[in-house]
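Q: Could you take a close look at one part of this model for me, the place where the two chains meet? I'd be glad of a walk through the surroundings as well.

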Amino acid sequence: MKEIYFDNAATARPREEALAAVVKAMGPDFANASSLHRKGVDAAARIREAMEWMSALAGGGEWKVLFTSGGTEADNLAVLGSVPKGRRDTVVTSSLEHAAVESSCREVARRGGRCVVVKPRQGGVLHPQDVAAAVDDRTALVSIVHVAGEMGTVQPINDIARAVKQKNKKARFHTDAVQAAARLARLDYGPAVDMVALCGHKIGGPMGVGALLLRPGVTVRPLFFGGDQQEGERPGTFNVPGIAGMGAAARMMVAERAEAVPRLADLTARLGRRLLQSAEGVRLLGEESCRAPGLLVVAVRGVRSEVLLHTMEKYGLFASAGSACHSTRREPPACLVDDGLAPDEAVVRFTPGAGVTEDDVEDAARIFETALQEVRCGNAGRMK
Amino acid sequence: MKQELFSGAGVVLRLGELYLKGGNRRLFMNALVANAKRALQGRDEVRMHVSEGRVFLTGADDEDICARMRWVFGFSSYSPVRYCEKSIDAICAQAVSLARAYGGSPQTTFRIAARRSDKSFDHTSAQIGILAGNAVNEATGFGVDLESPDLSIGVEVGKEWCFLWTQQLEGARGLPVGTSGRVMLLLSGGIDSPVAGHLLQKRGVELSGVYFHAFPYTSDGAKQKVIDLARVLARRQRSFRLHVVHFAATQEALRDAAGQGYLVLLYRRMMMRIAGELARGQKMAALATGENLGQVASQTLENMAVVEAAAPFPVLRPLLTADKLETISLARTIGTFDISVRPFEDCCTLFVPPHPQTRGRADIAQKMESRVDIEACVADAVRTVEVIDL
């Protein structure tokens, strides 16, 4: 049976180049990047190359790159590393965030600070003035997601960052660009953006590695303590295989995205149209003009999303019900409920990758139609 | 040669009720030794001997070995031991060495509990106790307390061996797995059914399992959970065969036929038929469930009778009268609880209305079932069953 993998927002299929870089770094080039001998110097050179590719992925310009254990740690480092314990600072964030940002902002509040959550307008897009209105003199940090993984919308991140700085130029601006880096043709962060979180496995690199990019002069307090790697801001032996793999994936993404992304956007839009045609009670979420390429969030009336997902899985189509970081949660994401998701609507998220073909889109739409019909008629249990 | 067998560190295992067995004792012993050997797989340096109604391990006495022996059914208790030469001097020296290893202070109290099963040994049990006690007292200054000492040193002298111990661990008791026949256990992924399986194994039953999988209504995560539960039970057996029955289509057919809160009863009747058919194919004598009287609507006396009426074999219910907290506590002890509480659904809740029947009648269930091709459902389930050998 043909497999159609439309769950790239959970994790993307690893790139061959990334796999080769991991194998090389764990094989012949196994040395510790902090060792002073030649082999260590070679490993350190791999780290520096990866830094360059991560900067290029974020649109180029001057960045300091701190490697982390993934997007979650990068977001935690950005938020908790900017608001020292015991300070009664305010952080401003949105209701569209990944759990990593949401939970670290809640942690700031738990430690005695304040957390303000801004909601998007209809269609899941934040308005720069709404975010700026939440900022005051005590705001130490604003953290806004670039592409919202559960809503599927691209946020006007540079406009938001500028509006924030106009209100309080001392407030730091962080964006979680984990999904954005995997599906936008270009990231070009203006000077108002101070920190960017990225991760390896959404762009075709390995899991367990990510990066926090900081503008020169911006520093964060470490979350934990150890040696003097990465100037003590993020201690611990460099994960050379992971970093090399992520760097290779970033390199491929930078080389190919200008061409691959418009195609991905076209095919995603086409998938959306085909799903709408396939049955009644199906609608696409998120403001149409702001939908991210390769990220289609669909509301389906009269089914349970897990049952629909498993029925599609029976025919070889792999999708998800929302963020995998929340897959044991039973309720739909709060931001979708705020946006008008009805109690009898289930959420299914299709996230095709760059390699998607027209055939995949047609097959996926057909499987969706068949599966939905089976679930609605109550005969999904028959073996194929 | 024998001296070498029983030297250094080891573990001595004491038999439980097996000791009571008469003519069949050899059969039970063979099963017990085979099970203990299997539990030791990978620790090839450890050797096993049976002598004078005990099982002796030599070569190691570490925590891993003790943990491996914890769930070998048939042993009442076991102790890490130091073997020694069969002479009073060696016994005294070993007792002193164990007392020193204990540490303690001048306030520490001890006793020697000596047992001489070899009556030809030139000191009686009491004499051994006195001589070894004096030696320990002189060497360490520990005071003697026969009632409730801090440290109790056991000495046992047999025909072929002599050993000392300070610690007695609780064994799994019961009968060796494989000596009471084979049973098909209905595993749901909940807390109860693995515990029911454990209790049957404790009475010497060798299990196979059957799980009713409702994909796409439940996920493959639910199936993995049952596989992981079965693995825990499988560790105490030669092998464990788990049958995964694809049940969703049958559930859909029953849903369309059922009425008046009978759906769960029809599911369970069908499970009995399918499990029975699988059991028959493997020459098993009974089915088993984790059912518990009154726990849920399908587990009233009336409903259990309705379900049992469809079963081709006796249905064993080891947890029938167990208290839920006792079951949870046992599930924690045997290591299945954390697996059972993983958040996946169980197929019995599928399509089920909020008010199930609590006093079902077999004739009504049969009437509803006449709208379904029961034989075809059973045959289909058996034909498409997925077999996982653990």
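A: Here is a tour that begins at the contact between the chains and then visits a few spots in each of them. Please keep in mind throughout that this is a predicted model.

Let's begin with the interface itself. On one side, 13 residues of chain B take part, and they are in contact with 16 residues of chain A. Together the two chains bury about 1,100 Å², and carbon and sulfur atoms account for 59% of that area. Within chain B, the most area lost to chain A belongs to Phe215(B), Pro216(B) and Tyr217(B), which together make up 43% of what that side buries. As for charged pairs, there are zero salt bridges between chain B and chain A. Polar contacts do occur, with four residue pairs found across the interface, both partners being at pLDDT 80 or more. If you look for the element of chain B that gives the most to the side touching chain A, go to helix H8 (residues 248-257), which supplies four residues.

Staying in chain B, have a look at helix H6 (residues 192-202). This helix is mostly covered, with nine of its 11 residues buried. Just after H6(B) comes Gly204(B), whose phi is positive, at about 90°.

Thr175(A) sits in strand E6 (residues 172-176). Its relative accessibility is 0%, and therefore Thr175(A) counts as buried. The side chain of Thr175(A) reaches two backbone atoms: the oxygen of Ile144(A) at 2.7 Å and the nitrogen of His146(A) at 3.4 Å. Setting aside neighbours within four places in sequence, the residues in contact with Thr175(A) include Val145(A), Ile157(A), Tyr189(A) and Met195(A), along with Ile144(A) and His146(A).

Phe225(A) is the other one, and you will find it in the loop between strand E8 (210-214) and helix H8 (240-278) of chain A. Why does Phe225(A) count as exposed? Its relative accessibility is 71%, and the cut-off for exposed is over 50%, so Phe225(A) falls in that class.

Key. Residues numbered from 1 in each chain as written. Chains lettered and ligands numbered in written order. Predicted model: local features only at pLDDT ≥ 70, side-chain atom pairs only at ≥ 80, totals over all residues. Heavy atoms only, no water. Helix = DSSP H or I, 4+ residues; strand = E, 2+ residues; numbered from the N terminus. Buried < 20%, exposed > 50% of the residue type's maximum accessible area, 1.4 Å probe, protein only. Contact = heavy atoms within 4.5 Å. Buried area = accessible area lost by both parts, 1.4 Å probe. Salt bridge = Lys/Arg side-chain N within 4 Å of Asp/Glu carboxyl O. Polar contact = N/O pair within 3.5 Å; in protein donor to acceptor, adjacent residues only side chain to side chain.
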